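Have the structure open as you read.

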Amino acid sequence: MPKTFKNFINGKWKSASTGETFDNINPADSGQVLGRFQKSGKKDVDEAVAAAANARKSWRSMPAPRRGDILFRAAEMLVKDKESLAREMTREMGKIIKETRGDVQEAIDMAYYTAGEGRRLLGETVPAELPNKFCMSVRMPVGLVAAITPWNFPIAIPSWKLIPALVAGNTVVFKPASDTPVSAYNFVRLLEKAGLPPGVLNFVTGSGTEVGVPLMDHPEVDLVSFTGSTDTGSQVAQHCARQMKRFSLEMGGKNAIIVMDDANLDSALEGVIWGAFGTTGQRCTACSRVIVHRKVLKKFTDALLKRAQSLKVGDGLDSKIEMGPLINESQRQKVLKYCKIGVDEGARLLTGGDVCKTRATRKGFFFQPTLFADVSPGMRIAQEEIFGPVLAIIACNSLEHAVEIVNDSRYGLSSAIYTQDVNHAFKAIETLDTGITYVNSSTIGAEIQLPFGGTKGTGNGHREAGTAALEIFTEWKSVYVDYSGKLQKAQIDN
Ligand code: NAP
């Protein structure tokens with residue numbers, strides 16, 4: 001019998017009020033049920049929010065360095081449990097074991113880095129315009145945070161939200177993606193063991209409609225921190241706007257790599273393959289368009305084809321495997337649909353385009369690494385987020401032309417350029433309209449000490465990670481201390 005996992009509310013593990021559960025399955029072997037999770041509803045959300053509201057006062061008054069100590073302990077526990085957390089993550093999410101180790105490592109980096117914010121949380125001191133007066137700004141917690149996360153980074157993305165939210169003195173209700181609740185459970189359990197007081201972090205599983213909606217609509221929730229698709233993000237924005245509630249959105253991407261005629265093509269090839277087929281193309285920063293200078297188009301396309309056809313697809317727990325399954329059947333059908341759209345639009349299918357049919361892959365949601373050539377920038381496969389192992393090859397004539405193609409997108413998350421020319425590199429940095437640009441590296445591989453997020457339809461102006469995350473999870477308070485012993489009027493007594 002698969003294990004039944006519970007919600008975590010006010011420091012206690014509890015079943016949902018609905019009495020129902022849902023199954024968590026292995027995408028590499030869909031008959032394998034990994035666990036049963038609580039199918040929660042509004043009542044459970046209300047209880048979790050009440051617990052978080054209750055814990056707000058004591059948590060925000062705990063000195064920030066003490067809050068940081070708890071998160072530092074969590075970092076140490078993540079290091080200790082890294083391998084088992086990664087293996088469980090590969091089982092429930094499908095990405096290969098090297099990548100799930102990277103996912104846990106990202107949470108470790110985030111926890112060590114951000115625990116230190118407990119001793120920084122920097123504000124400003126500035127001169128006052130009047131004598132005997134002192135001016136400073138300090139960071140205050142926002143209050144009660146609802147964290148809603150996707151399945152493609154089952155521990156890393158929750159860590160980007162929970163850790164900065166907690167160190168800044170907020171309490172949290174966390175709703176994980178329904179496809180990856182085991183990793184979310186493991187992360188919450190670890191934070192509990194690290195010493196979070198009851199009510200500070202609450203965990204409620206269940207669907208977007210039954211848990212996500214009542215959570216973001218709850219009047220006690222001060223901030224919704226959301227990562228997921230642009231369609232869902234737009235709903236989050238509309239719900240929050242009605243209550244004038246704060247929200248931060250990290251959403252979709254249609255990321256591109258430019259390969260110039262002076263590029264180191266061997267290095268570009270590895271970068272494009274990694275960007276397009278790493279995590280089976282299911283990263284928000286995945287490379288789904290490669291824009292290749294005409295002078296090297298044939299040579300580079302031939303090399304891409306050879307490399308894509310040699311990728312080993314299978315169960316990510318096998319260390320020889322290079323690409324795992326898609327997350328679920330509906331995602332696989334979506335990718336298949338886009339491959340048909342690509343063919344109908346007149347793109348040339350070079351390889352792939354269908355579900356995997358080998359003996360080793362029959363039980364899971366596997367899809368063939370897919371390459372389309374002769375793609376024009378306006379085609380749907382060059383414009384819409386597919387979120388699968390499908391790469392569109394687009395020809396360009398110059399750097400300006402390449403940048404124009406990259407920027408012709410509703411999204412603006414990540415971009416990259418391969419070139420040996422420093423002038424091209426800096427022009428690309430200046431003109432590519434994305435939140436992240438890599439030079440001579442793939443579109444994926446962000447480090448946690450820099451801001452993460454995108455322009456246009458990818459976000460709403462916020463950035464996660466680094467110190468930028470504090471802008472989401474804190475409110476500024478400006479403080480004026482007058483020690484003159486009399487009334488001094490700013491702008492008037494000068
Ligand atoms: P999703 O369908 O939008 O779901 C994201 C989260 O929102 C899940 O927890 C989901 O719950 C919940 N949800 C669904 N409908 C909701 C609603 N009406 N109200 C409130 N919550 C709701 O996205 P996904 O398929 O999990 O993730 C893939 C997407 O995330 C891609 O577009 C990818 O680009 C994006 N992403 C962006 C970033 C970034 O930093 N920019 C990072 C990673 C992923 P259920 O799981 O229960 O449906």
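## H8 against H9

In this predicted model, helix H8 (residues 265-277) and helix H9 (residues 297-309) pack at an angle of about 50°, so the two are oblique to each other. Their axes sit 10 Å apart, and the crossing of H8 and H9 is right-handed.

So who's touching whom? On the H8 side you'll find Leu265, Ala268, Leu269, Glu270, Val272, Ile273 and Phe277, and they meet Lys299, Phe300, Ala303, Leu304, Arg307 and Ala308 of H9. Sort the H8–H9 contact by class and you get 10 nonpolar residues, three charged ones and no polar ones.

## H1 against H6

Over at helix H1 (residues 42-61) and helix H6 (residues 208-217), the angle is about 40° and the axes are 9 Å apart. H1 and H6 are therefore oblique too, and their crossing is right-handed.

H1 brings Lys42, Val45 and Val49 to the contact, while H6 supplies Glu210, Val211, Pro214 and Leu215. That splits into five nonpolar and two charged residues, with no polar ones.

## Around the ligand

There are 30 residues around the ligand, and Thr149, Ser178, Thr232, Met251 and Glu385 come nearest.

A backbone N or O atom of methionine 251 is 2.7 Å from a ligand nitrogen atom.

Terms used:
Residues numbered from 1 in each chain as written. Predicted model: local features only at pLDDT ≥ 70, side-chain atom pairs only at ≥ 80, totals over all residues. Heavy atoms only, no water. Axes fitted to C-alpha atoms, helices over the stretch in contact; angles between N-to-C directions. Helix = DSSP H or I, 4+ residues; strand = E, 2+ residues; numbered from the N terminus. Parallel < 35°, antiparallel > 145°, perpendicular 65-115°, else oblique. Left-handed = near helix turned anticlockwise from the far one by under 90°. Contact = heavy atoms within 4.5 Å. Nonpolar A, V, L, I, M, F, W, Y, C, P; charged D, E, K, R; others polar. Near = heavy atom within 4 Å. Polar contact = N/O pair within 3.5 Å; in protein donor to acceptor, adjacent residues only side chain to side chain.
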